[in-house]
Amino acid sequence: MVSVREAHFSDPDFQLEEWVNRYISDTDEAQTLLELIGQIESMVSQASESDLSLTQRAREMIEILAPLNMDIETLQASVLFVVYEAGILSKEALEETFGKELATLVCSVETMNAIGALKVDNQSRTAEPQIDNIRRMLLAMVEDVRAVVIKLAERICLLREIKNADEETRVLVAREIADIYAPLANRLGIGQLKWELEDISFRYLHPETYKDIAKQLDGKRLDRETFIDDFVTQLQERLDKDQIRAKVYGRPKHIYSIWKKMKGKDLKFDELFDVRAVRIVTDRLQDCYGALGVVHTLWHHIPREFDDYVANPKPNGYQSIHTIVVGPEGKTVEIQIRTEQMHEDAELGVAAHWKYKEGTSGGKQSGYEEKINWLRKILQWQEDVAESGNLVEEVRSQVFEDRVYVFTPNGEVVDLPLGSTVLDFAYYIHSHVGHKCIGAKVDGRIVPFTYQVETGQRIEIITSKHPNPKRDWLNPNLGYIRSSRARSKIQHWFKQQDRDKNIVAGREMLETELSRAGLKLKDAQTAVERFNMVSMDDLLAGIGGGDVRLNQVVNHVQSQMRKHEVSDEEVVEDLVKKSQSKGGRKGKGQVEVSGVGNLMSHIAKCCQPVPGDEIFGFITKGRGISVHRADCDQIKELTRAHPERAVDVVWGENYSGGYKIRLRIIASDRSGLLRDLTSVLAAEKTHVMAMSSSSDVKTQTAAIELELELYNLDGLSKVLSKINQVDGVSEARRL
């Protein structure tokens with residue numbers, strides 16, 4: 001039978017201190033909890049004087065969790081969660097008033113709300129942010145299982161509260177809890193919570209069936225209790241005689257488990273073997289099998305109904321020996337035999353391993369081993385709800401199948417992409433750990449760098465005193481790394497190591513280009529500040545390493561050094577004359593100059609705007625108006641130096657000529673890359689005027705520059721979009 005909601009909270013004789021002491025034996029902890037309850041009740045009364053349900057729920061959470069041997073922090077967090085979820089206490093106030101540790105635990109309980117997304121309409125699809133929420137929820141469950149236990153207790157409170165709600169509300173809540181929370185409690189082995197979640201949900205979902213089974217149980221209760229008392233007495237006397245230290249007692253049968261067995265085996269109530277049930281709890285493991293021998297000596301057992309979960313535990317860790325015997329009067333009795341520790345684990349599950357006591361470990365497994373066990377149980381629970389339709393398929397693929405969850409030696413969870421190696425793990429921990437990595441152990445066993453980690457494994461990185469990455473690690477064909485995070489850190493390290501070489505290369509490149517323009521390297525000093533560099537060496541290293549574009553630097557230097565020897569009036573007059581002598585026709589040219597008409601103009605080579613780009617004009621000496629993109633660095637420098645020469649220009653409505661556009665493509669160097677790119681350009685009917693390419697053997701990448709003829713900005717956007725879809729292309733941009 002299921003528990004009923006405590007009614008003593010509204011009793012006028014209710015003594016809060018006495019009630020707390022009944023659950024908390026430690027005097028200091030009891031006082032701490034009393035003070036917290038007082039604070040919470042004060043907050044609730046200030047927020048809503050007539051709403052007593054929150055204080056009642058807070059006390060009820062303690063009544064559910066305290067028998068599970070949860071620590072004082074868990075009980076505090078359960079009380080705080082009630083007011084936090086109701087919006088009475090903010091996250092900031094929670095941390096400021098009660099400390100970071102409690103605030104973190106309360107917020108972890110809130111992340112459990114993502115569980116609801118696991119059960120939705122079969123036709124729906126989850127958004128990417130929801131998938132991230134589920135992943136965070138799963139990690140929070142592993143990091144601190146206390147959050148899960150608090151959430152399960154909160155669900156029991158909710159089930160009790162809606163007893164008198166409308167049928168639709170009861171059914172909706174019960175369905176979610178039966179499909180998701182009850183299996184979770186089962187996987188984590190928390191029997192005390194599992195039975196109540198299952199029984200109350202069953203009562204709401206199948207009220208008539210529930211009442212029918214309850215009636216049949218009640219109708220034969222007196223006879224059954226008398227029979228069990230006699231059976232227990234006879235068995236206890238025989239165990240004592242054989243000097244087997246054990247306690248025998250009858251155990252309750254839960255209505256949901258009875259219905260499940262009736263349905264699974266297609267039996268009627270009277271045909272069930274285990275309506276009468278007895279449990280034997282021993283002190284030692286060997287006494288379990290000694291007690292089993294006594295039971296089978298006294299009564300004949302049914303072989304097909306025997307299960308040894310001690311030798312072969314259930315996936316959630318449950319251990320017990322189950323047997324059914326034909327007892328007195330030919331009546332069948334189910335007997336469970338287990339040790340005291342097995343019984344505690346069966347009732348409390350993972351909660352049995354989370355009693356925080358300073359300075360004592362109680363012989364429990366180390367932290368990371370416990371977390372590995374919890375993680376496996378959570379993964380198995382996720383399989384239990386795999387009937388939820390498309391959403392769970394997506395969760396499985398995006399949260400589980402494409403991720404692995406491994407542990408540091410300290411038990412911290414690390415979430416990595418599927419296929420990640422021990423090197424990926426090392427760089428996830430810290431770039432210095434990756435750089436200094438000289439070996440790795442998985443579950444205590446030495447493995448090669450290319451070893452792909454699996455969910456639940458414990459990874460330990462062996463490091464040297466000095467960093468020593470290898471360029472082979474960047475070769476995708478060798479399988480050293482999978483994640484882009486590790487790759488970028490390794491590339492950055494080598495870039496830093498190659499600084500001296502990059503400075504020399506950058507100096508040579510810049511001097512060559514400046515000399516073509518009649519300039520010297522010292523003229524480029526103004527570019528240091530322009531490109532946010534500290535020194536000229538930084539600028540040269542950026543050019544040599546490819547982080548700073550050479551043509552941008554040269555254009556900037558040219559704009560700074562250009563001298564104009566004629567007056568503005570002479571330039572405009574000369575421009576108009578040349579434009580008229582060329583016989584330009586208004587409205588037919590590339591651009592139209594605001595307020596002047598159709599003047600001689602040319603497209604600036606530095607930025608090469610195309611129709612659709614926002615443009616700006618600048619009056620030059622002897623070459624008409626140079627037309628730049630509005631975001632061009634050179635036009636910004638020119639207008640800053642000579643604002644009077646800037647003119648507004650717009651694209652001519654009837655211009656139909658083509659424009660040269662230069663693109664740069666970075667891609668993984670592979671066979672067939674150029675073929676795929678030219679196929680895309682041919683499909684888009686784009687004329688290729690020139691092409692050049694180079695490859696980097698070290699990084700296995702190719703750099704390709706294209707000169708295309710296009711007619712407008714829309715055409716450019718479409719071409720770039722198609723190129724970016726080509727396999728292996730990491731970047732395609734306009735120069």
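Okay, let's start with a term: a salt bridge is a side-chain nitrogen of Lys or Arg within 4 Å of a carboxyl oxygen of Asp or Glu. Here's one: Glu154 and Lys151 meet through their side chains, at 3.4 Å from N to O.

Before going on, a word on what we're looking at. This is a predicted model, where local features need pLDDT of at least 70 and side-chain atom pairs count only at pLDDT 80 or more, while totals for chains, interfaces and linings use all residues. Residues are numbered from 1 along each chain as its sequence is written, and side-chain values use heavy atoms, with hydrogens and water left out.

pLDDT is the predictor's confidence in each residue, from 0 to 100. The mean for the protein chain is 76, and 76% of its residues reach 70 or more. Over residues 354–366, though, the pLDDT is below 50, and this stretch has 17 contacts in the model beyond near neighbours in sequence; a contact means heavy atoms within 4.5 Å. Residues 575–588 also stay under 50, with 21 contacts beyond four places in sequence.

Back to the charges. Searching the whole structure turns up 16 salt bridges. Our pair, Glu154 and Lys151, sits 3 residues apart in helix H8, so about one helical turn separates them. Helices here are DSSP runs of H or I with at least four residues, strands are runs of E with at least two, and both are numbered from the N terminus. Both Glu154 and Lys151 are buried. By that I mean under 20% relative accessible area; exposed is over 50%, and partly exposed is in between, using a 1.4 Å probe on protein chains only.

Which residue forms a salt bridge with Arg57? That's Glu161, with the closest N and O atoms 2.6 Å apart. This one links distant parts of the chain: Glu161 is in H8 (residues 146–161) and Arg57 in helix H3 (residues 53–65), 104 residues apart. Arg57 is buried at 11%, while Glu161 is partly exposed at 29%.

Then there's Arg160 with Glu196, at 2.8 Å from N to O. Arg160 belongs to H8 and Glu196 to helix H10, so parts 36 residues apart in sequence get tied together. Shared partners also join Arg57, Lys151, Glu154, Arg155, Glu161 and Glu176 into one salt-bridge network.

Next, a sheet. Four strands make an open sheet in the order S13-S15-S14-S16, with mixed pairing. Why does one side of S13 and of S16 have no neighbour in the sheet? They stand at the edges, each with a single partner strand, so one side of each is left open. S13 pairs with S15 in the parallel sense over 3 bridges, and two strands count as paired if DSSP finds at least two bridges between them. Ile603 stands opposite Val627 in S15.

Most residues other than glycine have a negative phi. Gln243 isn't a glycine, yet its phi is positive, about 55°. You'll find Gln243 in the loop between helix H12 and S1, exposed at 72%. Glu329 has a positive phi too, near 65°. Glu329 is in the loop between S5 and S6 and counts as exposed at 66%.
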